[in-house]
Amino acid sequence: MLLEKIETLLNEVQQAKASNAEEIEQLRLKYLSKKGEVNELMAEFRNVAKDQKKTVGIKINELKKTAQDKINQLREQLETQEAQSDDIDLTRTAYPVELGTRHPLTIVKNEIIDIFSRMGFTLFQGPEVDDDKHVFTMLNFAADHPARDMQDTFFIERSDPNDVTKNVLLRSHTSGDEAHYMETHEPPIRVLCPGRVYRNEAISARAHCFFHQVEGLYVDKGVGFTDLKQVLLTFAREMFGPDTKIRLRPSYFPFTEPSAEMDISCNICGGKGCGFCKHTGWVEILGCGMVDPHDLAACGIDPDVYTGYAFGMGVERIANLKYRVSDLRMFSENDTRFLREFESAY
């Protein structure tokens, strides 16, 4: 009686068909699962007479192997049919992947780096967590300079006011990177230092507690202010267009002398005057100047032999001018609707 049941199931398995993966899985469950036909036969096998156990056992194993082979065959046939179908793209990933885009600040930073790289500047990135020595002291900041105050700088450790190397802080400008570089390299030096900086400021549409800067430094024999002006003019025209004009206004920075602020002709109104440039026709974009001899000496460079210039700009400021983003907070809020607007910007 059991042998007849096994033969019936063998014929059934051999004639089984399936048109999709779900039907194949149903066949597997019917014959090979814990509650399937083969396991039920094994339960009945215990009651088979001893003289028939060998014959029945061989038949049950044959049924199990036949069922497994049949299911494997049906799976292979289904895979072959899908591979030959014109509706299937085998190069496509198994799940939809939505690609991101470069952040607008990254786009602008890379463009700045590319422009100055073509003028011979190499790239250097210093530490975001630095010490008072490199951020302030070596750059000619007075001991009582407001920038050292807790209201402006994020100090991590300020244990010994007399030992500036023990005052650990989040850098408030990337000029400290230039001090690191001059301390470890001999002139000629032509280096660009991009990075994130931190200042203890109230967050608003026009200010943030962190932002990004790019600073440049050139030190060699015979470097003059005219060299600085020509480099900045070239940068302005590469970044904002060939008709861009620049002007330099006297200013003050502890680490440069003489110092200047650089304006460009408003790229929105073409210098005619508009609300963005406050109807002056000019927009400030960076600070610059000749490296103070004190800074060179502090970094082990002889100021009687070498001179140099330095400049620094905010990446957010340049991004505002290029893309007219009025609220700085949008750059750090990760709103995908805002970020998707820059998909074609690179």
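Predicted model: local features only at pLDDT ≥ 70, side-chain atom pairs only at ≥ 80, totals over all residues.
Let's start inside. The largest nonpolar core has 46 residues. Which of them touch the most other members? They are Ile112, Phe116, Phe235, Ile285, Tyr309, Phe311 and Met313. Several elements give two or more residues to this core: α5, β6, α8, β8, β9, β10, α10 and α11. The largest share comes from α8, with 8 residues. As a general point, nonpolar side chains in soluble globular proteins tend to be buried together.

Take Tyr309 from that list. Leaving aside residues up to four places away in sequence, Tyr309 touches Phe121, Gly216, Leu217, Tyr218, Val223, Gly224, Asp227, Leu228, Val231, Gly289, Met290 and Val291. One of those, Leu217, also turns up elsewhere. There is a second, separate core of 23 residues, and Leu217 is in it, along with Phe136, Phe155 and Ile301.

Now the helix pair. How do α5 and α8 pack? The angle is about 135°, and the axes are 10 Å apart. So α5 is oblique to α8. The crossing of α5 past α8 is right-handed. From α5, the contact uses Val108, Glu111, Ile112, Ile115 and Phe116. From α8, it uses Val231, Phe235, Glu238 and Met239. By class, that contact has 7 nonpolar residues, 2 charged and no polar ones.

On to the backbone. Most peptide bonds are trans, and most residues other than glycine have a negative phi.

Two are cis bonds. Pro187 to Pro188 is cis, with omega near 5°. Pro188 is in the loop between α7 and β5. Glu257 to Pro258 is also cis, with omega near 0°. Where is Pro258 found? In strand β8, residues 256–265.

The other two are positive phi values. His279 has phi near 60°. It lies in the loop between β8 and β9. Is His279 buried or exposed? Exposed, because its relative accessible area is 62%, and the cut-off is over 50%. Arg324 has phi near 55°. Its place is the loop between α10 and α11. Arg324 counts as exposed as well, at 55% relative accessibility.

That's the tour. Over to you.

Conventions: Residues numbered from 1 in each chain as written. Heavy atoms only, no water. Helix = DSSP H or I, 4+ residues; strand = E, 2+ residues; numbered from the N terminus. Buried < 20%, exposed > 50% of the residue type's maximum accessible area, 1.4 Å probe, protein only. Core = buried A, V, L, I, M, F, W, Y, C linked by side-chain atoms within 4.5 Å. Contact = heavy atoms within 4.5 Å. Axes fitted to C-alpha atoms, helices over the stretch in contact; angles between N-to-C directions. Parallel < 35°, antiparallel > 145°, perpendicular 65-115°, else oblique. Left-handed = near helix turned anticlockwise from the far one by under 90°. Nonpolar A, V, L, I, M, F, W, Y, C, P; charged D, E, K, R; others polar.
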